[in-house]
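Thanks for coming. I will take a few minutes to walk through one structure, starting with the overall fold and then turning to single residues.

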Amino acid sequence: MIVTVASYNIHKAEGLDRRVDLPRIAEVLREIGADLVGVQEIYLPQAEALAAELGMSMAMGATRHYDRVPYGNAVFTRFPSTAPTSST
């Protein structure tokens, strides 16, 4: 079995044009087509929305909280996961 892996720092989903655009991030990840993606600089609500949009399982590890919202790193996978969806 061949597994493709990618890492993507989404900078809070803010592009170089300063727009926060989560659907644009989802489109990039669809184009990459990886089986497992590590995403950095993401808020928990963004991670949950991205997982739903991509139809992937997600696990999140918060490195800090901004206004009580978990923020940190998330892993998305096409494979079944038994891990908790977040450790905040």
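**A walk through the model**

Arg68 is exposed, with a relative accessible area of 80%. Arg68 sits in the loop between β3 and β4. Its phi is near 70 degrees, which is a positive value in a residue other than glycine. Please keep in mind that this is a predicted model.

Now the chain as a whole. The protein chain has two helices and five strands. If you read along the sequence, the pattern is β-α-β-α-β-β-β. The C-alpha trace spans about 40 × 30 × 20 Å along its principal axes.

How does the radius of gyration of the protein chain agree with that of a compact globule? For 88 residues, a compact globule would have a radius of gyration near 12 Å, and the protein chain has 12 Å, so the two agree. Of those 88 residues, 33% are buried. Take the contacts between residues at least 6 apart in sequence: 62% of these join residues at least 24 apart.

Next, the aromatic rings. A pair of aromatic rings is described by the distance of the centres and the angle of the planes. The count here comes to three aromatic pairs. One of them is Tyr43 with Tyr66: the ring centres are 6.1 Å apart and the planes stand at 70 degrees. An angle over 60 degrees counts as edge-to-face, so the pair of Tyr43 and Tyr66 is edge-to-face.

Which parts of the chain does this pair tie together? Tyr43 lies in strand β2, residues 36-43, and Tyr66 lies in strand β3, residues 57-66, so the pair ties together parts that are 23 residues apart in sequence.

Tyr66 also forms an aromatic pair with Tyr71. That pair is edge-to-face as well, with 4.9 Å centre to centre and 70 degrees between the planes.

Now to Ala13, in the loop between β1, residues 5-9, and α1, residues 22-32. Ala13 has a positive phi of about 70 degrees, although it is not a glycine. Buried means under 20% relative accessible area; Ala13 is at 1%, so it counts as buried.

Ala13 is also one of the residues that Gln46 touches. Gln46 is placed in helix α2, residues 44-54. What does Gln46 touch, leaving out residues up to four places away in sequence? The answer is Ile10, Lys12, Ala13, Val20 and Leu22. At 12% relative accessibility, Gln46 counts as buried.

Last, Pro80. Pro80 lies in the loop between β4, residues 69-77, and β5, residues 86-87. With 80% relative accessibility, Pro80 counts as exposed. Pro80 and Asp21 are 59 residues apart along the chain, and their C-alpha atoms are separated by 27 Å.

That is the end of the tour.

Methods: Residues are numbered from 1 along each chain as its sequence is written. This is a predicted model: local features need pLDDT of at least 70, side-chain atom pairs count only at pLDDT 80 or more; totals for chains, interfaces and linings use all residues. Side-chain values use heavy atoms; hydrogens and water are left out. Helices (H or I, at least four residues) and strands (E, at least two) are DSSP runs, numbered from the N terminus. The radius of gyration is taken over C-alpha atoms; the globule rule is 2.2 Å times the number of residues to the power 0.38. Buried means under 20% relative accessible area, exposed over 50%, partly exposed in between (1.4 Å probe, protein chains only). Contact means heavy atoms within 4.5 Å. Rings of Phe, Tyr and Trp (its six-membered ring) pair if their centres lie within 6.5 Å; planes under 30 degrees apart count as stacked, over 60 as edge-to-face and the rest as tilted.
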